[in-house]
Amino acid sequence: MALDPRIAAVTDRVIERSRPGRRRYLDHLAAEAERGLSRRRLSCSNLAHGFAAALEDKAALRAGAVPNLGIVTAYNDILSAHQPYGRYPEQLKAFAREAGATAQVAGGVPAMCDGVTQGQVSMELSLLSRDTIALGAAIALSHAMFEGALFLGICDKIVPGLLIAALRFGHLPAIFVPSGPMPSGLSNREKARVRERYAEGKADREALLEAEAAAYHAPGTCNFYGTANSNQMLMEVMGLHVPGAAFIPPGTALRQALTRAAVHRLAHLAQRRTRALGHLVDERAIVNAAVGLLATGGSTNHAIHLPAIARAAGITIDWDDLDRLSAAVPLIARIYPSGEADVNGFHAAGGMAFVIRTLLDAGLLHADVETVWDGGLKAYAREPVLEGEALAWWPAPAAPRDPAILRPVADPFQPDGGLRLVTGNLGRGIFKTSAVPPDRWTIEAPARVFPSQEAVVEAVRAGALDGDAVVVVRGQGPRANGMPELHKLVPPLSVLQDRGQRVALVTDGRMSGASGKVPAAIHLVPEAADGGPIARVQDGDRVRLCAHRGEIAVLEAGFAARTPASVPAPAPGTGRELFALLRCATDGAEAGASAMLAAAGL
């Protein structure tokens, strides 16, 4: 199938805009490959330190005749998705030896669990941690002992941070290694119902804890379609996984076979010095990532992460590009919060293999990209299986196994993608349409202005939000306080909506990638801390939010002439003061909200 002309037009726009930056990036890769620091350029003392503790691999490392693979791990016990990684290093080393290579843990990076920090002050470090993850991964790879890199990460900021670092070492081949989702527990819909009852005072803390523990109950990724699982979709559609690796559960024989295949494949690429990551992640791969995000109703957080990832590869993509792609790409998946199914149900219905197959058949993905696996993106339109003990792949089903979860492009759930750009005299923001009923896509109501999500929760509990309202929560952008997710707002605002009130949220902060149901314009730029127009909104102002028309506006004369309200200085505590440099130097959400990339001129 020929590429859809609308996808081609956006791709051409991205290529033309990115031309100078991409040229500099490719020159950087060439210089690193030809003259940069590598194992063969290390001194004898450097090398001796590098293999001193390598035990059975010491002789091979000393001889330098086989590739050495660097493992960058985001393992910890707090993050259920990353807990399985605890035993991976020894397995990866054994798999490397099978392939005639060696492997070493190059370093570890922090990995915040947004589930643990959601609604707490520590959430103010979440987005900022993406830069620290990238910096930590860069330090790990700077040892220059490696001819390829394996990245162990799944969750929210971790995969974007790892990929940003990997792209700055893009002269090396690299493969991302997932660990898979936890088994299905209490349904996401039932969990949400208990949360709403708790917000209304109709359920106690013990009932809430019982529901939460039944939903999040085992090692593996949380099984709603939030940022973590959207990350896995991205790695699949960008061709940076072993095909079909995204949603195979941990602790299974198939999961281990895919992990072994990743190591064997990277050893093969490193031995031949081919498929350098920076050449795989080009403008077409970035557009493919956006198409996959829109087609599956993925996380709004990627409206921030994808521009940052692209910048690391010398590519510029903006929200206008996402909006144009959304007009061309239909919604073909219904996964919670955009539907009832979890990611296990999605995978059983055909999963990423079916998604990639139907998007390729419709000409909505670039089929001609190079990936870590042979066969280009078509290799990812297959499902991994074990035939005896051998790993094999079968073609994706021609039709979804459950049409309530997956649809072909010709019969979508929605004719356009899951995200919309909204613009107007309040700036620019993102509206996730895939999880919101169409009759809620337009809300016009008086503004109620709050400085924090806690203030909104208190107002709901006190009965102070008893009519239609556009709830404005400002001072939540990256410069103000690190741009925390405001997921704590979802239960109380959902309660108001269920009572028949027409409510919407407008904020310069983020929402969880799992948020839905309540119409929201998020990531508003410029943010209040930069003097953005959201700082001029006053209680009672008439505000219109309309996803149909892509509009976000205050309908009051003289609005633009008002003096912006000041934004309080970030509070200290819980280590937040240590991140002041990242907050004050960051750029806006549409550019990727990264102090690190801004300071580097990327």
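**Reading charge pairs and spaces**

User: Which helix holds both R19 and E16, and how many residues apart are they?

Analyst: R19 and E16 sit in helix α1, 3 residues apart, or about one turn of the helix. Helices are DSSP runs of H or I with at least four residues, strands are E runs of at least two, and both are numbered from the N terminus. Keep in mind that this is a predicted model: local features need pLDDT of at least 70 and side-chain atom pairs pLDDT 80 or more, while totals for chains, interfaces and linings use all residues. Residues are numbered from 1 along each chain as its sequence is written, and side-chain values use heavy atoms, without hydrogens or water.

User: What links R19 with E16?

Analyst: The general idea is that side chains of opposite charge can pair when their charged atoms come close. R19 forms a salt bridge with E16, with 2.8 Å between the closest N and O atoms; the term needs a Lys or Arg side-chain nitrogen within 4 Å of an Asp or Glu carboxyl oxygen. R19 has 46% relative accessibility, so it counts as partly exposed (buried is under 20%, exposed over 50%, partly exposed in between, with a 1.4 Å probe and protein chains only). E16 is partly exposed too, at 49%. The structure holds 42 salt bridges.

User: Which salt bridge involves R35, and is R35 buried or exposed?

Analyst: R35 meets E34, at 3.4 Å from N to O. With a relative accessible area of 59%, R35 is exposed.

User: Where in the chain do E124 and R576 lie?

Analyst: E124 and R576 form a salt bridge with their closest N and O atoms 3.3 Å apart. This pair links distant parts of the chain, 452 residues apart: E124 is in the loop between α5 (114-117) and α6 (128-141), and R576 is in the loop between β14 (551-554) and α21 (580-585). E124 is buried, at 14% relative accessibility, and R576 is buried at 8%. Elsewhere, salt bridges with shared partners join E444, R542, R544, R549 and E551 into one network.

User: What does D342 contact, given that it has no salt bridge?

Analyst: Look in the loop between α15 (319-328) and α16 (343-348) for D342. D342 is buried, and K191, the nearest side chain of opposite charge, is 9.7 Å away (Lys and Arg count as positive, Asp and Glu as negative; His and chain ends are not counted). The D342 side chain does make a polar contact with the side chain of S184, at 2.5 Å. Such a contact is an N or O pair within 3.5 Å; within protein, one atom must be able to donate a hydrogen and the other to accept it, and sequence neighbours count only if both are side-chain atoms.
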